[in-house]
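Welcome! Take a moment to look over the sequence and the model, and then let us walk through some of the details together.

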Amino acid sequence: MPDRQEKLQDWNRRWRFIGELIRCTACGQDQLYRDSRVPFPHKANCPEFEHKGQLPWLDLEVILRRSLE
Ligand SMILES: [Zn+2]
């Protein structure tokens with residue numbers, strides 16, 4: 001499914017998965033899994049800051065689940 005590959009690459013451009021946390025590649029802010037349902041806390045000067053309500057943990061979960069179907 002090429003769509004999944006693209007989504008995963010896009011995810012990898014924006015985020016780093018580091019153990020128990022996900023980090024924004026642009027501003028370096030972290031988010032723990034326990035906050036996975038809270039919008040990602042970008043720094044105010046982050047280019048991704050305008051994208052309100054990002055949920056990278058859930059995005060990754062959806063991408064990976066689809067890959068197993
Ligand atoms: Zn950011």
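## The sheet

Three strands, in the order β1-β2-β3, form an open sheet with antiparallel pairing. At its edges stand β1 (15-18) and β3 (30-32); each has a single partner strand, so one side of each is left without a neighbour in the sheet. From one strand to the next, the twist averages 25 degrees.

Strands here are DSSP runs of E with at least two residues, helices are runs of H or I with at least four, and both are numbered from the N terminus. Two strands pair if DSSP finds at least two bridges between them. β1 and strand β2 (residues 21-24) run antiparallel and are joined by 4 bridges. Arg16 has Arg23 in β2 as its bridge partner.

## About the model

This is a predicted model, in which local features need pLDDT of at least 70 and side-chain atom pairs count only at pLDDT 80 or more, while totals for chains, interfaces and linings use all residues. Residues are numbered from 1 along each chain as its sequence is written, and side-chain values use heavy atoms, with hydrogens and water left out.

## The zinc site

The zinc ion has Cys24 (SG), Cys27 (SG), His42 (ND1) and Cys46 (SG) as its protein donors, at 2.0 to 2.4 Å. Donors are N, O and S atoms within 2.8 Å of the metal (3.2 Å for Na, K and Ca); water is not among the atoms, so sites may look incomplete. Along the chain, the donors follow the spacing C-x2-C-x14-H-x3-C.

Definitions and conventions. Axes fitted to C-alpha atoms, helices over the stretch in contact; angles between N-to-C directions.
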